[in-house]
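Good morning, and thank you for joining. I would ask you to look at the model on the screen while I go through a few residues in turn.

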Amino acid sequence: MEQATLLKMLLKSPSFEAGDTIPTRYTCDGENVNPALELNDIPPDTRSLALIMDDPDAPAGTWTHWLVWDIAPGTNIAEKSEAGTMGINDFGTTNYQGPCPPIGIHRYFFRVYALDTTLELPTGSTREELLKAMEYHVIGSGELMGLYSHAS
């Protein structure tokens with residue numbers, strides 16, 4: 001059986017460069033709105049996109065800040081938007097919750113996944129439900145990492 005090739009997508013933001021500090025506007029110290037995200041090199045067979053934003057440096061383990069799926073493939077994600085169906089994050093809400101580290105500098109990963117299907121999960125589904133639904137349907141992915149600390 002052949003192993004499927006995962007295509008690399010380019011995910012970037014006009015608000016910050018990969019590896020740089022995420023502007024305060026997009027954090028709990030600012031307006032707490034999502035940054036704009038630009039998606040490039042989307043595989044041609046993509047039916048929908050999913051996005052997970054998390055903090056692997058959280059004291060209790062990886063902390064999920066944002067879950068979105070069934071994003072239209074030709075869509076860039078606008079600032080302060082709801083680009084698709086929203087899942088429940090580790091704050092217990094179904095919206096974007098920006099960086100808010102308890103101490104030190106944390107890394108925040110925005111990961112986008114190109115899927116060969118639409119998921120049609122209900123609003124408020126969990127990260128685990130999203131990952132299970134995505135299983136065997138990911139045909140491409142990309143990531144953008146930004147940093148943040150309250151001292152920024």
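Lys80 counts as exposed in this predicted model, because its relative accessibility is 59% and the cut-off for that class is over 50%. In the chain, Lys80 belongs to the loop that joins strand S5 (63-71) to strand S6 (85-86). Its backbone deserves a remark as well: the phi of Lys80 is near 55°, a positive value in a residue that is not glycine. For context, most residues other than glycine have a negative phi.

A positive phi is also found at Asn32, again near 55° and again in a residue other than glycine. Asn32 sits in the loop between strand S2 (10-12) and strand S3 (38-40). Is Asn32 buried, partly exposed or exposed? With a relative accessibility of 23%, Asn32 counts as partly exposed.

I now turn to His150, in the segment that follows strand S8 (138-148). His150 is likewise partly exposed, because its relative accessibility is 38%.

Which residues does His150 touch, once its neighbours within four places in sequence are set aside? The contacts are Cys28, Asp29, Cys100 and Pro101. For two of these residues I can give details. The side chain of His150 forms a polar contact with the side chain of Asp29, at 2.6 Å. The side chain of His150 also reaches the backbone oxygen of Pro101, at 2.7 Å.

Finally, consider His150 together with Ile105. They are 45 residues apart in sequence, while their C-alpha atoms are 8.0 Å apart in space.

Note on methods:
Residues are numbered from 1 along each chain as its sequence is written. This is a predicted model: local features need pLDDT of at least 70, side-chain atom pairs count only at pLDDT 80 or more; totals for chains, interfaces and linings use all residues. Side-chain values use heavy atoms; hydrogens and water are left out. Helices (H or I, at least four residues) and strands (E, at least two) are DSSP runs, numbered from the N terminus. Buried means under 20% relative accessible area, exposed over 50%, partly exposed in between (1.4 Å probe, protein chains only). Contact means heavy atoms within 4.5 Å. A polar contact is a pair of N or O atoms within 3.5 Å; within protein, one must be able to donate a hydrogen and the other to accept it, and residues adjacent in sequence count only if both atoms are side-chain atoms.
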